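Open the model in a viewer and keep the sequence panel beside it. The stops below say what to select next and what is there.

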Amino acid sequence: MTTDTALPPDSAQLLEVFKALANPVRLQVLRWLRDPEKHFPVEQGIADPYEVGVCVSHIQGKLGLAQSTVSAYLAALERAGLVRSTRVGKWTHYRRDEENIARIVAVLGESL
């Protein structure tokens, strides 16, 4: 008897999502980005936190972690399709990708 171990196309992305969310810090950042005005100093921002996102320096400041660590965490969330990045000058801003999050939830509902 043989078993098919090939993953459906959306399964690979779901694995990236699970990996990204398995880290409590990344999960917390994703929660903060749901309501950026509540969790980040919007008055210090140079862009709309909902349309463009929150500057990585503000996320780093709130976490109190090294810039390289925060960047790696955000890159994992972006690879998983949970956030989008936008460059504004020399700064990178991150916001949730609500459309893709809804799609991921739908795929998860259909997969399990």
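Helices (H or I, at least four residues) and strands (E, at least two) are DSSP runs, numbered from the N terminus. This is a predicted model, in which local features need pLDDT of at least 70 and side-chain atom pairs count only at pLDDT 80 or more, while totals for chains, interfaces and linings use all residues. Residues are numbered from 1 along each chain as its sequence is written, and side-chain values use heavy atoms, with hydrogens and water left out.

**Stop 1: helix α6**

Select N100, which is found in helix α6. N100 counts as buried, at 14% relative accessibility; buried means under 20% relative accessible area, exposed means over 50%, and partly exposed lies in between (1.4 Å probe, protein chains only). Leaving aside neighbours within four places in sequence, N100 is in contact with Q13, A80 and G81, where contact means heavy atoms within 4.5 Å.

Now select A102, also placed in helix α6. A102 counts as partly exposed, at 46% relative accessibility.

**Stop 2: the nonpolar core**

A nonpolar core is a set of buried Ala, Val, Leu, Ile, Met, Phe, Trp, Tyr and Cys residues joined through side-chain atoms within 4.5 Å. Select V29, L33, I59, L74, L77, L82 and Y94, the residues with the most contacts inside the largest such core, which has 21 residues. Two or more residues each come from α1, α2 (24-34), α4 (56-63), α5 (67-79) and α6. Which element gives the largest share of this core? That is α2, with four residues.

Stay on Y94 and show what surrounds this residue. Not counting residues up to four places away in sequence, Y94 touches L33, V52, G53, V54, V56, I59, L74, E78, V83, R84 and S85.

**Stop 3: α2 against α4**

Two packed helices are described by the angle between their axes and the distance between the axes. Show α2 and α4, which pack at an angle of about 125° with their axes 12 Å apart. Axes are lines fitted to C-alpha atoms, for helices over the stretch in contact, and angles run from 0 to 180 degrees between N-to-C directions. The angle makes α2 oblique to α4; angles under 35 degrees count as roughly parallel, over 145 as roughly antiparallel, 65 to 115 as roughly perpendicular and the rest as oblique. To see the contact, select V25, V29, W32 and L33 of α2 together with I59, K62 and L63 of α4.

**Stop 4: salt bridges**

How many salt bridges does the structure hold? There are three, a salt bridge being a side-chain nitrogen of Lys or Arg within 4 Å of a carboxyl oxygen of Asp or Glu.

- Select E16 and K19, whose closest N and O atoms are 3.3 Å apart. The two are three residues apart in helix α1 (residues 9-21), so about one helical turn separates them. E16 is partly exposed at 26%, whereas K19 is exposed at 51%.
- Select R84 and D97, with closest N and O atoms 2.9 Å apart. R84 lies in strand β2 (residues 83-88) and D97 in the loop between β3 (91-96) and α6 (98-111), so the pair ties together parts 13 residues apart in sequence. R84 is partly exposed at 37%, but D97 is buried at 9%.
- Select E98 and R96, whose side chains meet at 2.5 Å, N to O. E98 is partly exposed at 42%, and R96 counts as buried at 10%.
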